[in-house]
Structures are given as structure tokens and as C-alpha cells.
Amino acid sequence: MKDLINNALSKLSWRFFRTAFAIVCVSLISLALTGENVQGQTLQIRGTVTDALTQESLPGVNVTIQNTTTGVATDIDGNYTLQAPADAILEFSFMGYITEEIPVEGRTRIDIQLTPSIDMLDEIIVIAYGTTSRSNLTGSAVSIDSDDLKDVFAPRISGLIQGKAAGVYARSATGRPGQTAEINIRGKGSINTTNAPLWVVDGIAVGHTEPNLNPADIESITVLKDASATALYGSRAANGVILVQTTSPKEGASQLNFYATTGFTNLHRGNFSLMNSQQLYDYHSTWNTESWFNSNLLEVDTDWLDIATQTGVAQEYSMSYNGGTDKVSAYLSGTYFNEEAALKGYEYERYSAVANINVNATDRLTLKANLSGNLINSDNREHSTYNAYTYMPWDHPYKEDGTPIEPGTDTEYNWIGRDNSNYLYNLQYNWGTGRTNNLRLNLGADLEITDWLTFSSMNNISFGFGQSEYYTDPRSTGGRANNGAYNTGYSFSRQQLTNQMLRFHNNIDDHSFQAFVAWEYADTHSDNSDATGHGITAGLNVLNATASAAEVLGGKFQSARQSVLVNLQYVYDDRYMGTASFNREGSSAFGRENQYGNFWSFSTGWNMHYEDFMADIDWVNVMKLTASYGEVGNSPSGFPHLGYYELTGQYAGIPAARPYQIANPFITWEKTTTINLGLEARFFNRVTANAELYERDNSGLLYYVPLTALTGYTGVWDNIGRIRNRGVELSLQPEVIKTSDFQWDINFNVAFNRNQVMELYEGQPITSGNIRIAEEKDMDSYFMRVWHGVDPGNGQPLWERVVENEDGTQTVELTNNYADATLQFTGQTMSPDYTGGIINTVRYRDFSLSANIGFVQGVYMYNSDRQLFDSDGNYPTFNQMNLADGWSRWEKPGDLATHPKAIIGGNRDANRPSSRFLEDASFIRLRNITFAYHLPGNLNQQLGFSSARVYLSADNVYTFTEWSGMDPETGGLYPLTQRFMLGLQIQL
């Protein structure tokens, strides 16, 4: 244990110093921008800022000296301490409250109460191509601010939003560091095109792949869910939109923030365990008659899973500056993230930086620049989960001298495992690396032509570079056939976008008008190459050191689109709202017949709480109704309207063309029509509630129809069907306890969704593996042989056989012959019945405790891994899993068992694909628990801080589930890791 801790600490210190250069650079820039001094006689001023209505303290209020960049923020108790001239004027500003200007007049203590400027729900949120107050919002949008994103330690945004927004289902497929989660908003509606949402960063649409951004640089995330909120993004918004706003520069007080987080990770094994030597021997003793099976095997007890895993190290260090003058303001940030995986041999590292700068060039012209970039490195000598799960505990991993055994060569060690290979032998030689660079530059300007008309220009260029290397040593088992191999891959991408917009805004008495018209153009280009060479001297890793070219691959892709956008918003007397939008978009993905599509929406809202008949109902603070209807689209990648040949083959040493895709010039946009009804309310100024009903109808589904080889073509694109999603979303945020010393807040959300295929081409179902898409079914319905358990008389497996009677009715019989069993719908799907989350936040004076609970119910996943290590004797030279609680194996006639009798070679195909391995993957997970101590104001003053926080955090603490594997969310061999972190956050 001592060696483990020393090793971990040495890694932490070394990686910390590797980030020192970046942090020092940010510090120097920050100090240069904060170098303004206040002249004249100064006083030390103290005070407390509270809410004028509730008398509660307000943490995070900006207290600045007017016309300077000098200031502080109030601590958790609303206290502040500031050095200021005796004749200065202090400005107290906080979002949602009226800014106050208080002359010092020689005083050393100034307490102040801030008055809410608008009702508690009227926050400013980011929406498509702008912002709006929540009270004027008529579409379906959920905003998540930066404070709600800091509870979970993760390098990617998708890992932070799980369970925090109703209707947003985020599922991680693996626990490997740096991997993204799959996100679906209000179900899935496409078959061959993406079901992922569109990501928009600082107003720039970056595509359906999650951007590589540092979560610490995010100011807010807004999820747009209905057509009213997404229609302006046209063909890219059929599956919702996630708007990410990085931290914007703030005028006035300069703030320097530093935080460091470090800790340990481990692989949480859930309900799953593999057999050890004795357990496996006892299991085999009942059925194994092979000559190699004897008691000598018990002399070895290798825990391959223990060999493959470790206590990993995770850490993140970040420094940022925010502030400036009324002319120039900037947000600058630098971050280093590193995680050494709990599965040995994989390390993920990221350097990232952001510079957001605003320049008020004149009273009417504002210039904006956003520059961000990152460098991601991965070192992959990862141990094999497949081998760690299936290798026999009776096999030796190492020789006596500690070197890995090579089965078949080291004959003194008898290898039992089926594959006759030891992955540790190859792992000592072979490796892979990856490097990704991303750079994004936004340049924009806002010109106020008149008091009611503004011209905005937004321009972006983004680059992505990727490189990978894979080395197979000639000494490794796999390298002997070709004397070693070296592979290198390269990729490049570029995206350009320009948006030119005229904004109109005016108020006439009780009437408020806002509108904009815009033209937007974007194009993308990407190319890649990949080459493999055979025959290489051990240790070299360049292509020209290989003896022969084995394979050369590469490709290029480009696309373009342009749009004309129109948006109109009208508000009367803060009570009645209406919004309409229109997007005419052209895409290179379609031919001239349907190159342009029209996408539109309209929505309305009614703030009932402003009506006279609500005046006497003082316990209702907000009551708002909204309704929306609209249409957005979806388009495939590539050029589905074209017929073309592929030229990747060869004939007699020259390039050869062969038919690939049939042209369909009439293919058109996949369209999504959404209806949304919403109710938003606040009661007793303590409880906020929201309810929404929606119907989302995807028609003209784009599908690549495969063709028989007799045609000479692979397939053709066509519009073939319709899928409908209906659902209800509920959220509730009660402020359970609100006192000056103690607060308890709850944020609860739950979403129900039902998916149904309404129409397919000629009514024909589409089958892919164990999933069949058929009319009147969920699009993720399982279609396979139905398991009926074990015959208690003989221990043989049983399946259902559906027999068609003469009168057209069907009868279900049982069979122990796998081939006779009927392929049919099982009644289970991969679509959850409902998802949601509960966040509890408790604060007592300077202490806070938060707990984030996520849940997914009614989802089924196919546990295909059990076909290998729960095989009833079919794989006698693979290790096997211990039976889960409630499971039993048949031993004698009359046993009511879940598992058939084990037989050498398997029991009548019992481990073949069927609903036997279809498991309920529902779970309730304590995703995070964080305990924090906020330094009190007097201690911050002594240390020279504006505020500081120390916290302990644990991720993926515990999961309640019936899933027999390690993790019901990933469903595979690599579960999400548990993390235990210690963090420090300081604001100067």
C-alpha cells in the first residue's frame, strides 16, 4: 500500500509540473490585465449583501469600485472585504437583481440589500441565435448553468449532463477515459441517419459529434427540445440542439480563479464476479471428462481481472482570468487534465485553452473574438478485457523470472485456455498512440445602426488534426507472420461558417417587438489517409523502415449548405407572447429536384399570473402556458442523390471501377414535426414546477436500401417510413428549507417516452442483429428466439415454438431444439420507459453537501458476453461467471432451475442468442456525492482570497440494479469507474 501511494503521488507531482508552464503564462497575462491601481486615500470596507425580500445572504455578488477593474465577490455568507478610496462609489451587481451604486463617504462598513429585478423564473437563457428571458420563452428549452456542471469529474460535457434535464437520455458505452456518451433527446426517430443532437458552441454549429471542450470553461448549457426552439437550425436539428456557451468576458472587477482536483479511480465490478480456481474446479467436476481436467489444476489460481486492473490516477488543474475595463474585457483560461485508466495500460491527457475577448471600439461598435484549442494525447497499451474475463485461473501469466509466458513456446507451462495465447506476452512489445488537435476561431462584430437596429456578423473557422500509430513487434505472436508491422493514420478537417444578421428590437407602450433576418453559409472539408507496412526492425516506428507496403487507404469528403433565416417575436404587456421562425436551407446532400427545404415553427405563451383574476392568489407567483408547432429536418451525409462507381479496386495492376450506388434524384429531406404543450409554475416563492407534453413525428425516413448482388449495386437511398415519439416530461425544484444558516434544495426531473414505427416501405420490417424495426413496434424492439427456461425433468433448455393453426390462430409450444424455436418479438426494447434524476443540495453555514442520483427504468439490454462465460459447458476452456443471486443450475430431476445442466460442449445450444441473455438494465445510481467547505470571509481576507472552497467528491458511488454484469449503463466488459477526488478552488 505504501508503494502504491508513493507511486501515485510521484505521478501527481510530475504531471503537475508539466502543466506549470501553461499556468504561469495565464498568470502573467492575468496580472498584466489586473495591474490598475486605485489612487488616493484608501479604506478597508466590509459588509454583507442580502436579499431584500428573503433577508438571506447572497454569495457571488460582484462588488466593484466604479470606473475601475478593482473588486471582489461575496463569499458563501454574503460577506465581502474591499480596499477602496474614501470618496469612491461601490457597485453591487448580481444576475436577477437591480444593480446598486453606493457612495463610500468615508465609511468602513456598508451592508446592502439587493432587490430582485424580475420574478425568480425570469433568468436570461441562451436560445438559437440569441438570448431571451425565461418569462418570454415560448419554446421548450432547459438551461443548465456552470454550477450544476461541476459535481461530476469528467473530461467530456456529455458525462456532466446525465440526469439533469428532463427528456435527455445520456448513456455511456464504456468507462475508458475521454469517451463520450450517446445522447438522445425525446427518443430516436431516424433509422440510417444520426439520432444525435446538434452541438452549437458560442453560436457556431459544430455538428452532431460532441465538441472537445473543457467543462471548466462552460458558462451554461441550454438543451432545445421542440421545433419552436430548434427550427432555425433546419436540417440539423431533428434530434434536438445542445447550446454550449463558454464563459463570456465581464467588465469591471478582475477575477483570477484557480482550481486543482486529484484523486483515484477503480473499476467497480457491480454484481459480477468470475470463478476462482476452486470454484471453477467444483463447477467442472460435475460434467468435465477431458483428460487435462484433474486436481493438479488447483495448484494455480490466477486472477486475470486483478492483473488487468489497477488504482488509476485522475487529476485536473485550471487557471482562468475574467475582467477588464469598459473598453476591453477578456476571459482567459488554461487547463490540464490527465487520467490513468483503472484498466491498465491506457492514459488520456488533454491540454486546453480559451481566450474570449470583447472590445467596445465605439459607443455603437463591439468587436468579439473567441479562440479555443486543445491537444489530446492517448497512450494505448491497454490490457484486454476479453482476455481478462475469459482466461482460465489455471494458467500461469508469468514465468518464475517475471517475464510473460508465450503459450506453445514455453512448453514447461501447460496452457489450458482455448485461444492458446497470453495477451501479456504481446503487450510487452506492442503499443498504440493517438493525438488530436482542435482549433476554433470566431470573429464577430455588433454594429448598432440605430437604437432599434443592429447588424451582427459572426464568422468561424475550425480545424481538426488527428494522428494515430500502431506498432506490432516482430517478436510478438502476431508479428511473426509478417515480421512485424507499423501503421499510421492521419486525418484533417476544416469547417467554415459565416452568418450576417440584421436585428430589430423596439418597444411601443406595452408592445415589444424583436426580429432578425440572416444569411448563413457553411462548408466542411475532411480528408484522411492510413498506411500499413510489414517487416520492421524491432523498436523502429516510421513507415520507410518497413520492408513492404501492406495496405494504403484514404478518402476525402466535403459538403456545403446555406440558409436564409427569419425570426419574429412579439410580447404584449408581459402577458401574451408569440414567436415565429422560418429557415429556407439548401444542402449539397440533395439533387436539384429537392435541394432546398423549408423549416418553420410558431409558438405562443401566456403569463397567467399577470392577469387580474390571479391577483388575489398570492401563493401562485408564476403560472405560464406555452404551445408550439413546427417542422425541422434531417439529412444524410455524402451525396445520396448521385449514382456512382467506386474506384478502390484493381484489375491487372490498374484502377478498376465497379458499381456502388444507384442514383435517386428525387430523394428528399427527412422531416420532423413536433407539437409541444407546456406549463410552468412557481408556488409560495419556494417551489418551481414544469410539465410538458409532446408529439414528435419523423416522416420520409432516409434509409439506405440494400440491393441484391445481382443488380451489381450495394444499395440506393430512399425515403421509406415514419416514426412517432410521444412523451411527458416533469420537473420539480422545491426549496425545502430556506434560513440564513441552513438551506436544502431539490431538483427532480422525470421523462416518459413511447416510440412507435408508424410506416415502412411496403410494410417490410428491417432486421439488424437482434433488433427488428417493424410497423406498430418500438424501433428498438428485440426479435429473437424466446427462452422458456429449463426442463425440470432432464435439465435441457426450452424455447418457444409458435405453431400456425388451420383456423389462423397461433399456439405456443415448447421445444428443446434450438433450430425449431421461432424467431419472434420478445416484448422488450432498448428504449427506457422513463429516465430522470434527483439532485439534493444542502448548505449549512460554510458547509455544503450535494448528491446527484440518476435513474433509468424499463430498458433491456442483451448481455452477449454471457454467451462466453455463462455457457453451460460450451466453452470448457474459458473461465465462467459465478451465478447471480437467485440463479441456480439444474442438478437432478425436479429442480426448478434458471440454468440447464452443464455438459461438455454445451447443452443443446443453450448459449446461442435468445432472450435468455436479455436482461433488465434498469438502475438507480448515486452518480456523485460532494462535500465542501467554503472558507469564511475573515479567513479569506487573511489569506488574500475573494473566496475559496475545499471539497471531497465521489463519482459512481453505488448502483442499484438487477443487471448481472458490472455496469447496466455500459452493458459491456468495461464499466464506468468509481472516482474519489479531492479538490481546491480559489478566487482572487
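Predicted model: local features only at pLDDT ≥ 70, side-chain atom pairs only at ≥ 80, totals over all residues.

User: How many salt bridges does the structure hold?
Analyst: It holds 42 salt bridges. One of them pairs arginine 561 with glutamate 520, with the closest N and O atoms 3.2 Å apart.

User: Where do arginine 561 and glutamate 520 lie?
Analyst: Arginine 561 is in strand S26 (residues 548-572) and glutamate 520 is in strand S25 (residues 511-534), so the bridge ties together parts that are 41 residues apart in sequence.

User: Is that arginine 561 buried or exposed? And what about glutamate 520, buried or exposed?
Analyst: Arginine 561 is buried, at 12% relative accessible area. Glutamate 520 is buried too, at 2%. The cut-off for buried is under 20%.

User: OK, what does glutamate 646 pair with?
Analyst: Its side chain meets that of arginine 658 in a salt bridge, 2.7 Å from N to O. Glutamate 646 sits in strand S30 (residues 644-651) and arginine 658 in strand S31 (residues 654-661), 12 residues apart.

User: And how accessible are glutamate 646 and arginine 658?
Analyst: Glutamate 646 counts as partly exposed at 22% relative accessibility. Arginine 658 also counts as partly exposed, at 44%.

User: Which residue does arginine 801 bridge to?
Analyst: That would be glutamate 813, with the closest N and O atoms 3.0 Å apart. Arginine 801 belongs to strand S42 (residues 797-804) and glutamate 813 to strand S43 (residues 810-815), so this pair ties together parts 12 residues apart in sequence. Arginine 801 is partly exposed, with a relative accessible area of 34%, and glutamate 813 is partly exposed at 35%.

User: Which residues do salt bridges with shared partners join into one network?
Analyst: Arg866, Asp870, Asp872, Arg889, Arg916 and Glu919 are joined that way.

User: Switching topic: where is glycine 240 found?
Analyst: It's in the loop between helix H3 (227-230) and strand S16 (241-246).

User: Why does glycine 240 count as buried?
Analyst: Because its relative accessibility is 3%, and buried means under 20%.

User: What is glycine 240 in contact with, leaving aside neighbours within four places in sequence?
Analyst: Glycine 240 touches Ile185, Pro197, Leu198, Leu224 and Thr230.

User: And how far is glycine 240 from aspartate 226?
Analyst: C-alpha to C-alpha, glycine 240 and aspartate 226 are 7.1 Å apart in space, while in sequence they are 14 residues apart.

How values were computed:
Residues numbered from 1 in each chain as written. Heavy atoms only, no water. Helix = DSSP H or I, 4+ residues; strand = E, 2+ residues; numbered from the N terminus. Buried < 20%, exposed > 50% of the residue type's maximum accessible area, 1.4 Å probe, protein only. Contact = heavy atoms within 4.5 Å. Salt bridge = Lys/Arg side-chain N within 4 Å of Asp/Glu carboxyl O.
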